[in-house]
Structures are given as structure tokens and as C-alpha cells.
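Open your viewer and load the file. Have the sequence panel ready beside it. We will go stop by stop.

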Amino acid sequence: MRQLPEPYSSRRDTITFVICLIFAVTARLTPVTYAEAIASTIRETVLSPFLSLQDEIQQLRVWRVRFEEISARADSVSAIAGNVQGLMQENARLRAILGLRARMPVHHIAAEVLFQTQQTEGTTIIVSAGEREGVRRWAPVVAVGGLVGSVQTVDRNTSVVHTWTHPNFGAAVTALGDSVVGLVGPRFGEGATMMLELRDVSYEGEIPEGTTIFTSGLGGVYPRGIPVGRIRGVLDDRVGWSRSFLVEPAIHPAAVSHVLILLAETEDLSGAFERRQ
Amino acid sequence: MNTQPSGFKVGLVLLALVLMHFTVRPLLGNDRLAPDFLLLALMFFAIRSRPANAAVAGFTVGILADALSPVAFGAGALAHTVVGYLQAWGKAIFFPDNLLVTSGFLFFGCWLRNFLVLLAGGQTRGAELFWALTAWSVGQAITTTVAGLLVLLTFRRWFKIGIIE
């Protein structure tokens with residue numbers, strides 16, 4: 001065992017530890033707006049070179065995928081497709097996002113999802129586009145398949161996106177044309193992991209299982225026509241004159257590697273997403 | 001960090017771990033299972049430091065982690081401060097120069113960090129919390145420990161770690 005300095009754990013150590021704990025608790029109790037400002041400052045200063053480095057690595061990853069795609073074409077893709085399944089999936093995702101970009105009728109920017117660090121951040125993601133690219137707060141964020149969430153904090157080069165899993169998420173939606181309207185939000189409680197709940201639907205509103213629900217454009221944040229999820233059944237908790245439905249989300253935040261951030265306001269995105277029901 | 005002759009070399013290893021956190025880790029797949037190199041650097045630092053220094057380092061690392069996941073700002077600072085302090089304090093009781101004991105330190109430290117982050121974050125409840133603690137956190141603790149062992153075995157002389165016969 002290594003010789004340790006004596007006394008090893010002094011009063012100074014304890015006091016320093018307690019001071020750090022007090023600072024940490026204070027940070028935890030700091031109002032969200034101040035906490036976001038502090039976090040944003042840290043990201044733009046201390047973490048900026050690291051995030052830039054990470055962005056470069058992500059770019060290298062994309063270039064590698066493209067390079068592999070070209071090489072695979074040259075060498076006959078069929079022979080090696082079985083060995084590059086992961087790359088093929090990444091290619092498919094990139095091609096899909098390119099297809100969505102082509103169909104998107106509004107000014108937007110593509111961004112990469114930067115990595116997650118802690119266990120709690122299923123509710124937020126950080127993307128590689130910020131103030132410099134024209135991103136603004138509350139800008140809708142979509143991916144191939146549907147709605148991801150909206151921009152909450154904008155830094156110079158990055159932005160924090162609140163996904164639909166965030167407790168504050170809510171969107172006005174419609175289904176079956178405009179015959180059914182309601183509000184959708186994350187579902188909480190036992191066994192409710194990663195599901196959405198469609199609330200405030202008229203008691204007479206019937207929605208068959210498998211029906212896709214879309215944003216209705218009401219509320220001013222999300223334009224009309226973005227897929228949110230598919231109905232998976234009626235929930236038991238019928239209250240008053242409304243009923244609720246369980247919704248399987250169209251997008252799982254953990255599976256998203258690239259997103260589109262809508263930069264200009266628009267009313268209708270119908271037609272931009274495939275397989276509209 | 002202490003002023004042993006290997007201190008500078010260990011510092012380089014810690015710096016490399018910090019860089020790996022932002023370069024290698026994103027390439028390792030699932031974020032919740034990938035080894036946390038930043039935490040690894042903190043724990044290696046803490047095992048070789050006084051509790052006060054380890055607590056300050058833990059707070060610093062935690063705030064940086066919080067900046068990358070602001071939904072529970074402060075939770076990471078709290079968790080990393082406690083883990084850093086306990087790691088430094090624990091070496092007075094156990095035998096940190098032993099590879100197996102160090103593995104236990106790394107595993108417990110990673111799991112405890114995740115537990116405290118989830119607890120202080122307050123965003124995860126019920127079945128989701130259960131799975132986060134028993135599956136994801138244990139998985140990340142294992143991968144982080146394995147990564148830590150690889151670092152220790154590679155730089156064993158610098159870290160002055162022994163192996164039980």
C-alpha cells in the first residue's frame with residue numbers, strides 16, 4: 001500500500017467537500033432560465049473546443065460512410081453488404097434525411113445529434129447547429145418519420161432540443177383528416193416508458209388502432225402535418241367528456257442521428273413526410 | 001494530484017481520457033452503455049489525490065457534464081462531487097494499488113454516479129428508474145471498469161498498480 005500523507009483526511013478536506021456540495025445543490029435548485037444560461041456559457045467557452053472536436057469526429061464518421069458507399073459500389077455492393085450492415089443502416093438514414101430535405105417546403109438546416117453524457121438526458125439532445133446557422137428558440141425539430149421536439153436553448157454553434165419525452169412537451173394534433181383533434185404529451189407512470197398520450201379527445205371521437213396522428217398547426221410552435229405517432233389503443237382513464245389514447249411515437253430520440261431544424265415559420269408541412277395516412 | 005515522478009505521465013493519461021470522451025466515445029454505440037472516460041479520469045485522479053482536491057475535481061467534471069445535459073443542471077455536479085470525495089477517501093481504507101480492488105472502485109464509482117444523477121435529477125421514475133439502475137447503469141459500470149482496467153494494464157508502471165497473484 002502506498003504511504004499516505006498524515007493526517008490523510010483533514011478538516012480542510014471535509015469543509016471543501018461540503019462547500020462543493022453546497023455549490024452543487026445550489027446549481028440544482030437554480031431556476032431553469034439561469035441554469036440554461038450557465039450551461040450555455042460553459043458550452044460556448046470551456047466545452048467549445050471539445051464539442052467542435054466531437055463535431056469533426058461526427059463529420060469524419062459521415063465521410064467514412066460515404067467513402068464506404070462509393071467503395072462498395074465500385075467493388076460490387078452485394079459481395080460485402082453482409083459485412084457492413086451498420087454502415088448500410090447509416091447510409092439508409094442519411095439517404096432518408098436527404099430525401100426529407102428535398103421534400104421540405106420551408107427553409108431549414110440539417111444538424112447532427114451530439115452524444116449524450118448522463119443517464120437523465122433522454123429528454124434533451126444537443127445538435128450541431130446554433131445561432132450561427134440561424135437557429136432560434138422554439139424552432140421545430142423533425143427527423144425522418146416525424147416530430148422530434150423543439151429548440152429550447154440556442155448557443156453559438158450548438159442547440160439544446162427538448163424532445164417529446166420532456167415533461168413540458170405538448171402539441172396540438174389531429175387525426176383522420178380533421179375529424180379528431182386533441183393534445184399529445186409524454187405519458188408518465190408505471191410501464192409508460194417512451195410512449196405518448198393523446199388527451200382531450202371528444203368522448204365521441206373514435207380512432208382506430210394504427211391511425212397516424214399529425215400536428216394540427218394550432219399553438220404556433222409546430223406547423224401542421226408532422227407525424228407524431230400511431231394510436232396503440234384507448235386508455236382506461238376517461239375523464240368527464242374526453243378520452244385518452246395511447247400513442248406509439250413516430251420517432252425515438254435515442255435512434256436519431258440527424259435532424260432537420262425548421263428555420264422559417266410555415267403553416268403546413270403536409271406532403272413532406274412519406275406514407276401519410 | 002501528488003508530486004510523484006509519474007505524476008506528469010499520469011496527467012497525460014488523464015488528458016487523453018478527457019479527449020477520448022469527446023472523440024472515441026461517440027463512436028462506441030449506445031450512449032447509456034459506452035464507457036464514461038471523463039468519469040474514469042476523475043476516478044483515477046481521485047484515487048491519487050486528497051479528498052478536498054478530488055471533491056473540487058468532481059464538482060468541476062460534474063458541472064461540465066451538466067452543461068451537456070441541462071435538463072437536470074446540478075445533478076451531475078452533486079454526483080461527481082460525492083463520487084470523487086468517496087473515491088479519494090476510500091483509498092485510506094482499502095488497497096488502491098491492487099488491480100482487483102481498483103476495479104471494484106471503478107465499478108462502484110460509476111454505478112453510484114449514475115444512481116445519484118438519476119436521484120438528484122428527478123426526471124426518471126418507476127419502472128424506467130428500475131431499469132436505468134439495474135440494466136443501463138450496471139452495463140455502463142461494466143464497460144467503464146473494463147476500459148479502466150485496459151488503461152491500468154497499459155500504463156501499470158505509471159499508475160503503480162499491482163496484480164494479485
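This is a predicted model: local features need pLDDT of at least 70, side-chain atom pairs count only at pLDDT 80 or more; totals for chains, interfaces and linings use all residues.

**Stop 1: chain A**

Select chain A. What does its secondary structure come to? Chain A has five helices and 12 strands. Now colour by burial. Of the 277 residues in chain A, 48% are buried. Chain A exposes about 13900 Å². Carbon and sulfur atoms supply 56% of that area. Next, think about contacts between residues at least 6 apart in sequence. In chain A, 62% of these join residues at least 24 apart.

**Stop 2: a residue in a loop**

Stay in chain A and select A:W138. You will find it in the loop between β2 (124-127) and β3 (140-143). Look at the backbone here. Most residues other than glycine have a negative phi. A:W138 is not a glycine, yet its phi is positive, about 75°. Is A:W138 buried, exposed or partly exposed? Its relative accessibility is 42%, so A:W138 counts as partly exposed, between the 20% and 50% cut-offs.

**Stop 3: a residue in a strand**

Move on to A:V234. This residue lies in strand β10, which covers residues 227-234 of chain A. A:V234 counts as partly exposed because its relative accessibility is 37%. Show its surroundings. Which residues does A:V234 contact, leaving aside its neighbours within four places in sequence? They are A:R243, A:S244 and A:F245. A:V234 and A:E209 are 25 residues apart in sequence. From C-alpha to C-alpha, the two are 8.5 Å apart in space.

**Stop 4: chain B**

Hide chain A and select chain B. Its secondary structure comes to seven helices and zero strands. Buried residues make up 59% of the 165 residues in chain B. Its accessible surface is about 6400 Å², and 74% of that belongs to carbon and sulfur atoms. Take the contacts in chain B with a separation of 6 or more. Residues 24 or more positions apart account for 66% of them.

**Stop 5: helices α2 and α4**

Two packed helices are described by the angle between their axes and the distance between the axes. Select residues 37-47 of chain B for helix α2, and residues 75-90 for helix α4. These helices pack at an angle of about 35°, with axes 7 Å apart. The crossing is right-handed. Show side chains. On α2(B), pick B:L39, B:L42, B:M43, B:A46 and B:I47. They meet B:H80, B:V83, B:G84, B:Q87 and B:A88 of α4(B). The residues of this contact divide into seven nonpolar, three polar and no charged.

**Stop 6: helices α5 and α6**

Select residues 99-121 of chain B for helix α5, then residues 126-154 for helix α6. Their axes come within 8 Å and cross at roughly 145°. Here too, α5(B) passes α6(B) in a right-handed crossing. In this contact there are 16 nonpolar residues, eight polar and one charged.

**Stop 7: two cysteines**

Bring both chains back. Select A:C20 first. Its relative accessible area is 6%, so A:C20 is buried. Then select B:C110. This cysteine is buried as well, with a relative accessible area of 0%. How many disulfides are there over all chains? The count comes to zero.

Note on methods:
Residues are numbered from 1 along each chain as its sequence is written. Chains are lettered from A and ligands numbered from 1 in the order in which they are written. Side-chain values use heavy atoms; hydrogens and water are left out. Helices (H or I, at least four residues) and strands (E, at least two) are DSSP runs, numbered from the N terminus. Buried means under 20% relative accessible area, exposed over 50%, partly exposed in between (1.4 Å probe, protein chains only). Contact means heavy atoms within 4.5 Å. Accessible areas come from the Shrake-Rupley method with a 1.4 Å probe; for residues, only the protein chains shown count as cover. A disulfide is a pair of cysteine sulfur atoms within 2.5 Å. Axes are lines fitted to C-alpha atoms, for helices over the stretch in contact, and angles run from 0 to 180 degrees between N-to-C directions. A crossing is left-handed if the near helix is turned anticlockwise from the far one by less than a right angle, and right-handed if clockwise. Ala, Val, Leu, Ile, Met, Phe, Trp, Tyr, Cys and Pro count as nonpolar, Asp, Glu, Lys and Arg as charged, and the others, Gly among them, as polar.
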